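Please keep the sequence and the model at hand while reading.

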Amino acid sequence: MIERVKGTRDFLPEEMAKRRWVFERIREVFERYNFKEILTPVMEYTKLFELRSGEEVVRQLYAFKDKGGRDVSLRPDMTSSVARLYVNQFQNAPKPIKWYYIANMFRYEEPQSGRYREFWQAGVELIGSDKVEADAEVISLFVESYLSVGLKDFTVNIGDRVLLDEFAKMLGVKDDIGLMRIIDKKDKLTQEEFIDELKKFGLDDVGVEKVLSLVEIRGRPDEVLPKAEELMKSEKGKEEIRRLYELVDLLDAYGVSSWVMIDLGIARGFDYYTSVVFEAIAPNDLGIGSIGGGGRYDNLIEVFGGRPTPATGFAIGIERLIPILEWKDLIPEIDLSPDVYVVPVGDTKREAISIASRLRREGIKAEVELMGRKLRKALDYANRIRAKATIIVGRKDLERGVVTIRDMESGEQREVKVEEVVGEVKMFLKK
């Protein structure tokens with residue numbers, strides 16, 4: 001027996017029905033904002049990801065040489081592929097470009113709660129606008145995507161890379177990315193561990209206290225942005241805080257500000273973010289942290305050889321979202337049973353298939369007996385698959401121009417004319 005690859009899963013029909021329900025709700029919201037769907041190759045040249053994150057990223061990639069000796073990798077996310085597509089074909093297209101995707105990604109990580117080596121993301125990329133209006137549009141869509149699947153108990157925590165950079169300068173830190181990576185791990189560490197990491201990084205007691213002051217700036221925007229103003233001394237930092245005030249005001253106009261918090265300790269892990277960053281957190285007992293995130297990445301397209309172009313976007317982690325929706329009982333029961341099961345009795349296979357085909361063309365979910373079962377066993381099977389009705393197609397009945405419809409719940413049967421079977425089934429299903 002050959003087992004499936006570690007970190008991957010087989011999705012059974014019931015699980016696929018739930019996933020499709022989630023995808024369709026999110027897709028509807030994406031398209032209401034007039035984002036248009038794209039799909040890039042699952043495989044890219046490894047160089048694409050090295051340009052973005054350096055050679056160390058290869059350790060987390062499914063990277064290999066193809067039969068032509070070329071270094072290729074399965075995509076670990078979609079943003080790099082989208083940037084590559086934009087540079088290749090769309091630099092002169094009207095702006096903004098608004099794209100969305102729902103696709104599978106691959107990362108060679110140790111599987112754990114909500115984390116797999118093959119996983120799905122639903123995300124958007126908005127390319128071409130450096131305005132705060134673009135950040136607000138994307139964050140509003142981010143909030144409404146979660147609301148579309150019934151999730152209400154969550155927050156979108158907003159941070160800012162510029163403020164972290166300015167903060168690092170205040171501390172005299174040259175390795176600002178190294179500091180951000182420590183700050184980004186703060187919620188996974190105890191207070192003592194976090195302080196120890198900062199001291200190992202080279203901060204003195206005064207620097208550690210300032211970092212602790214920074215990461216405590218989290219809460220409602222009207223409460224914490226004034227504190228951020230006090231902390232930031234540079235004009236660039238103050239200007240960025242003014243941008244955050246405007247962003248919060250626009251999110252209020254979108255009607256989503258109730259879900260928004262400011263958390264200046266968010267770094268979002270990826271080095272390519274340049275300004276606003278954000279992540280969604282839904283309280284749960286499953287050990288699942290962030291269920292999605294994103295931010296502004298104004299330098300990435302230039303890294304891939306394009307003209308300097310601002311961009312922003314997000315990705316929703318489907319493998320983290322669905323367990324929380326199930327835990328909260330927010331995904332409805334999806335009926336996979338057929339509306340009608342058509343059983344030929346005797347030499348009536350052609351007629352039974354013809355009836356089933358007519359039903360299917362009218363949007364009725366119909367299954368035909370394919371195993372050659374006798375009527376009694378066919379009715380047992382109809383109960384097992386929870387068919388709502390069974391149509392029994394017998395030769396003698398056909399000679400009289402009728403078939404028998406059996407209500408599988410009540411057991412009641414009645415004859416209907418063959419030419420009226422579609423209308424009769426529709427009326428039956430409306431009961």
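The points below are grouped by topic, after a short note on conventions.

This is a predicted model, in which local features need pLDDT of at least 70 and side-chain atom pairs count only at pLDDT 80 or more, while totals for chains, interfaces and linings use all residues. Residues are numbered from 1 along each chain as its sequence is written, and side-chain values use heavy atoms, with hydrogens and water left out.

Helices (H or I, at least four residues) and strands (E, at least two) are DSSP runs, numbered from the N terminus. Two strands count as paired if DSSP finds at least two bridges between them.

**The nine-strand sheet**

- Nine strands form an open sheet with mixed pairing, in the order S1-S5-S6-S12-S11-S10-S7-S9-S8.
- S1 and S8 are the edge strands, each with a single partner, so one side of each has no neighbour in the sheet.
- Strands of a sheet pair through backbone hydrogen bonds, either parallel or antiparallel.
- Strand S7 (residues 155-160) runs antiparallel to strand S10 (residues 276-281), and six bridges join them. Within this pairing, threonine 155 has isoleucine 281 of S10 as its bridge partner.
- S7 also runs parallel to strand S9 (residues 260-263), with three bridges between them. Here valine 156 is opposite valine 260 of S9.
- S9 pairs in the antiparallel sense with strand S8 (residues 218-219) over two bridges. Arginine 218 has aspartate 263 of S9 as its bridge partner.

- Buried means under 20% relative accessible area, exposed means over 50%, and partly exposed lies in between (1.4 Å probe, protein chains only).
- Strand S15 (residues 389-394) pairs with S16 in the antiparallel sense through four bridges. Threonine 390 is opposite arginine 406 of S16.
- Isoleucine 405 is opposite arginine 414 of S17.
- S16 and S17 make a hairpin with five residues between them, and glycine 411 in the turn has a positive phi of about 85°.

**Salt bridges**

- A salt bridge is a side-chain nitrogen of Lys or Arg within 4 Å of a carboxyl oxygen of Asp or Glu. The count by this rule is 34 salt bridges.
- Arginine 27 pairs with glutamate 37 in a salt bridge whose closest N and O atoms are 2.7 Å apart. Arginine 27 lies in helix H1 (residues 13-32) and glutamate 37 in strand S1 (residues 36-37), so the pair ties together parts that are 10 residues apart in sequence.
- Arginine 27 is partly exposed at 26% relative accessibility, and glutamate 37 is partly exposed at 42%.
- Glutamate 44 and arginine 84 form a salt bridge with their closest N and O atoms 2.6 Å apart. This pair links distant parts of the chain, 40 residues apart: glutamate 44 is in strand S2 (residues 43-45) and arginine 84 is in helix H3 (residues 79-90).
- Glutamate 44 is buried, with 9% relative accessibility.
- Aspartate 347 and arginine 395 meet through their side chains in a salt bridge of 3.3 Å, N to O. They link distant parts of the chain, 48 residues apart: aspartate 347 is in the loop between strand S13 (340-345) and helix H13 (349-361), and arginine 395 is in helix H15 (residues 395-399).
- Aspartate 347 is exposed at 55% relative accessible area, whereas arginine 395 is partly exposed at 29%.
- Arg20, Glu24, Arg25 and Glu28 belong to a network of salt bridges.

**Surface charge**

- A patch of negative charge on the surface brings together Glu133, Glu246, Asp249 and Asp252. Patches are made of residues with over 30% relative accessible area and no salt bridge: like charges are joined within 9 Å, and nonpolar side chains (Val, Leu, Ile, Met, Phe, Trp, Tyr) within 5 Å.
- Helix H10 (residues 235-254) contributes the most to the negative patch, with three residues. Aspartate 249 is located in H10 and is exposed at 52% relative accessibility.

**An exposed arginine**

- Arginine 376 is in helix H14 (residues 375-384) and is exposed, with a relative accessible area of 69%.
- Arginine 376 and glutamate 3 are 373 residues apart in sequence and 38 Å apart in space, C-alpha to C-alpha.

Key. Accessible areas come from the Shrake-Rupley method with a 1.4 Å probe; for residues, only the protein chains shown count as cover. Lys and Arg count as positive and Asp and Glu as negative; His and the chain ends are not counted. The place of a charge is taken as NZ of Lys, CZ of Arg, CG of Asp or CD of Glu.
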